[in-house]
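Here is a short tour of a protein chain, written for someone who likes to know which charged side chains pair up and where. Take a look at the model, then read on.

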Amino acid sequence: MDKSVFSQRRLDLIMPFLKKTGSYDIKYLENRLKEGTVKFFETDTSLMLVEVKNMTQYKVAHIMIGSGNFDGMVELLNSVEEWAKSYGCDRMQFYGRKGWMKYGKKYGKDWKVEKILAVKMLSVLTSISPN
């Protein structure tokens, strides 16, 4: 693994998210970061990985991963928003547990629930490792 992409500190921040959700493979993220299709935003205690998605009617900055200290993630949202605007994005989005919306007051009232994500597990992931 390329240490310039995933330092130990970054792995320490991202692996709890990946182990809990099983949503992304570390190699997939590493490749996307090297291609430049995903961008890191980080503080000492938090990180976000963001990609731009071209929808049919708009561009969206999709926060793929937010991990670490919540206050640090809130701090990152301003940087993500400015970056997204510079790429012509019309909106930002993330998927998360319903409980995250109660924290919207900390960032502002601009976030709203627009859709729901329904999930039915068809199999169980047995392991996710950084290698």
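## How the chain holds contact with itself

Among contacts in the protein chain that join residues at least 6 apart in sequence, 58% are between residues at least 24 apart. Please keep in mind that this is a predicted model.

## Overall layout

The protein chain contains four helices and four strands.

Of the 131 residues in the protein chain, 36% are buried. The chain exposes about 8,900 Å², and 51% of that comes from carbon and sulfur atoms.

## Arg10 and Glu42

Now to the charged pairs: the model has five salt bridges. One of them joins Arg10 to Glu42, with 2.3 Å between the closest N and O atoms. This pair links distant parts of the chain, since Arg10 sits in helix 1 (residues 8–21) and Glu42 in strand 1 (residues 38–42), 32 residues apart.

The two partners can be set side by side by their accessibility. Arg10 is buried, at a relative accessible area of 14%, because the cut-off for buried is under 20%. Glu42 has 28% relative accessibility and counts as partly exposed.

## Arg32 and Glu51

Another salt bridge is formed by the side chains of Arg32 and Glu51, at 2.7 Å from N to O. Arg32 belongs to helix 2 (residues 26–35) and Glu51 to strand 2 (residues 46–54), so this bridge ties together parts that are 19 residues apart in sequence.

Are these two residues buried or exposed? Arg32 is buried, with a relative accessible area of 15%. Glu51 also counts as buried, at 9% relative accessibility.

## Glu81 and Lys85

A further salt bridge lies within a single helix. Glu81 pairs with Lys85, and their closest N and O atoms are 3.3 Å apart. Both residues are in helix 3 (residues 70–86), where four residues separate them, about one turn of the helix.

What is the relative accessible area of Glu81? The value is 25%, so Glu81 is partly exposed.

How values were computed:
Residues numbered from 1 in each chain as written. Predicted model: local features only at pLDDT ≥ 70, side-chain atom pairs only at ≥ 80, totals over all residues. Heavy atoms only, no water. Helix = DSSP H or I, 4+ residues; strand = E, 2+ residues; numbered from the N terminus. Buried < 20%, exposed > 50% of the residue type's maximum accessible area, 1.4 Å probe, protein only. Contact = heavy atoms within 4.5 Å. Areas by Shrake-Rupley, 256 points an atom, 1.4 Å probe, with all protein chains shown as cover. Salt bridge = Lys/Arg side-chain N within 4 Å of Asp/Glu carboxyl O.
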